[in-house]
Amino acid sequence: MFRTVRRIISWCGDFKGRLYIGFVFSFFSTWFGALPVMVAAYTVGMLMEASRGRAVFDRKWIGLSLAILILLVFFKFLFDYLRARFQETISYELVARDRLAVGDALKRVSLGYFQQVSTGNILNSITTGLHTLENMGMRMVDNFVGGYLNFLCIFLCLLYFSPLVSLIALAGAALSLLFLMLVSKHSAEYAPIAAQAGRDLAGATLEYARGLPVVKSFGQGGASMASMSRACRDSRDICLKIEWGYTPANCLHLLALKLASVALAAAACWLGLTGQMELPLMLMFAFFSFGIFAGLEPISDSAHVLGVIDNAMNQLEALYSDNFIDQNGRDISLSRYQIEFQNVSFGYDSRKVLQQVSFTIPEGTSIAIVGPSGSGKTTICNLIARFYDVQEGSIRIGGRDVREFTCDSLLRNLSMVFQNVYLFHDTIRNNICFGKPDATEEEMVTAAKKACCHDFIMALPDGYDTVIGEGGGTLSGGEKQRISIARAILKDAPIIILDEATASIDPENEHLIQNAISELTRGKTIITIAHRLATIEHADQILVVDQGGIAQQGTHEELIRQEGRYRSFVEMRERAEGWSVTR
């Protein structure tokens, strides 16, 4: 509990000054909230003394006390406003910063990270975990620090007037603290379990939503709901378990404070009746006794939520603490773009994909990579872009090992068109300009025309300002691929990687796009993964990948004259592409 408070204060960083000023305002707010009770009690005491003939009541005090009460209430709300103004905004600014930092961190980790950590885990950490910190963090710290700070001041005040009453108040606060420690321990124990249940629920919901087309096509709605239903039940059960464990300790905490209030009022009355305390002071203590612990009562909620926040901060630190793939990288500018693989080996977990692979792609030339499914073609491209790091050997671009670069400085030199195209839920304009945000309208349109997508874009309701669905779901596969090609054309990087870039292009547009790509990529270093003969036969060299190694390497003319994988591949493709309709 105390450790979490220190963590949150440390997390505030440059905002600590505002946080501390907020504590001061919270302190004054509490006192201005308590003083009206003391004034009212003192006034009642004066009236009782006057009625018993022991003193003369000054009628001017009625108007003066009313003015004092109004002023105290005004100051109470003024300091509440100032506290909120200084404190409440801190978490919103910090969480926004952290969310952006997490986004930056995620683009710097290996893609293997996303195989180990599910999307639901990441989503839950960024949304639910940080949302708790954002909405509750400052408030819980203020409750905790402000509550005990105010109690300390009240205790010193009581100690001045009556040591006996102050000791009763201290005993009640100490007893409640013991029960608060139980609340904190319970919360710390179950918060990670609850967080995992939340992550499982987020992951199950995402999987259910993404798999709905398959579910509907196979009529397996019940089966698809099984994992989501299980995640919902687990989340419900852990929340109920937390509540059942929290409630008894919380009730005991409140009971200790209420009993202390009763004891405090009884002690004040006893002191007053025995003549050890004046009547106005006795009434003030009696009235005040049931509000003296007002700052401590909400701390039970703080103790519980602080456990949740502590776990959220652990998740946040876990996202940061993962080794960035470019942790020791530097911002490097290249003047040459030759690519060299030197005895490269790589595998996913225990499955080896590449074994001692070596080849060179001279600057300004093109290479086509062919081979059976799962042979490692896409892996080669991913290693060039440093989505993963090699396990043995090295990859060099322009004479520099890719592990020397930061991700950003390396990827500045690459344009990539993937087989599975992802477009953002944004305008077509912003999707095309994603790799070059400062592109002019003319540059964007020229790139779109070269990719043969200008005409269908202009036929859309808002043209380039048409907002497409998430992942490009409102466009056909061929349309998405053409927009991704336009995006790569516009970036105009010196190295271009095309992973089945024309796989979803209709035949009547394929030759136009091939011509556009050929014209654009002249003088650049090009790596192409393809199965269509028209795409690969004009490459400067062809790499045949099979069983984790380079089976053949050469030009189309050289390889077609050799027995081996490539000739079998060409013959098979010719049979597949040479069909005709007969009458």
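The buried residues of helix 11 are Lys377, Thr379, Ile380, Cys381, Asn382, Leu383 and Ile384. Buried here means under 20% relative accessible area, while exposed means over 50% and partly exposed lies in between, with a 1.4 Å probe and protein chains only. Helix 11 covers residues 377-384, and seven of its eight residues are buried, so the helix is largely enclosed by the rest of the structure. Just after helix 11 comes Arg386, with a positive phi of about 60°. The helices (H or I, at least four residues) and strands (E, at least two) are DSSP runs, numbered from the N terminus.

Please keep in mind that this is a predicted model: local features need pLDDT of at least 70, side-chain atom pairs count only at pLDDT 80 or more, and totals for chains, interfaces and linings use all residues. Residues are numbered from 1 along each chain as its sequence is written, and side-chain values use heavy atoms, with hydrogens and water left out.

Now look for the open sheet, where six strands follow the order 6-7-8-3-9-10 with mixed pairing. Two strands pair if DSSP finds at least two bridges between them. Strand 6 (414-417) and strand 10 stand at the edges, each with a single partner strand, so one side of each is left without a neighbour in the sheet. On average, neighbouring strands of this sheet are turned by 15° against each other, direction ignored. Helix 11 packs on the sheet and touches strand 3, strand 6, strand 7 (495-499), strand 8 (525-529) and strand 9. Contact means heavy atoms within 4.5 Å. The direction of helix 11 makes about 150° with that of strand 8; axes are lines fitted to C-alpha atoms, for helices over the stretch in contact, and angles run from 0 to 180 degrees between N-to-C directions.

Strand 9 (residues 541-546) is mostly covered, as six of its six residues are buried. Gln541, Leu543 and Val545 lie on one side, Ile542, Val544 and Asp546 on the other, and all of them are buried.

| Strand joined to strand 9 | Bridges | Direction |
|---|---|---|
| Strand 3 (residues 366-370) | Four bridges | Parallel |
| Strand 10 (residues 549-554) | Five bridges | Antiparallel |

The bridge partner of Val370 is Val544 in strand 9. Towards strand 10, Ile542 stands opposite Gly554, and Val545 stands opposite Ile550. Strand 9 and strand 10 form a hairpin with two residues between them, and Gln547 in the turn has a positive phi of about 55°.

**Aromatic rings**

Rings of Phe, Tyr and Trp (its six-membered ring) pair if their centres lie within 6.5 Å; planes under 30 degrees apart count as stacked, over 60 as edge-to-face and the rest as tilted. By this rule the count is 14 aromatic pairs. One of them is Phe32 with Phe75: the ring centres are 5.2 Å apart and the planes are at 25°, so the pair is stacked. Phe32 sits in helix 2 (residues 16-51) and Phe75 in helix 3 (residues 60-106), 43 residues apart, so this pair links distant parts of the chain. Phe32 counts as buried at 18% relative accessibility, while Phe75 counts as partly exposed at 27%. Ring pairs also link Phe25, Phe27, Phe28, Phe32, Phe74, Phe75, Phe79 and Phe86 into a cluster.

**Confidence**

The pLDDT is the predictor's confidence in each residue, from 0 to 100. The protein chain averages 79, and 86% of the residues score at least 70. Confidence is lowest in helix 7 (residues 212-218), with a mean of 61, and highest in strand 4 (residues 392-397), at 92. Over residues 579-583 the pLDDT is below 50, and this stretch has zero contacts in the model beyond near neighbours in sequence. Where pLDDT is low, the predicted coordinates should not be read in detail.
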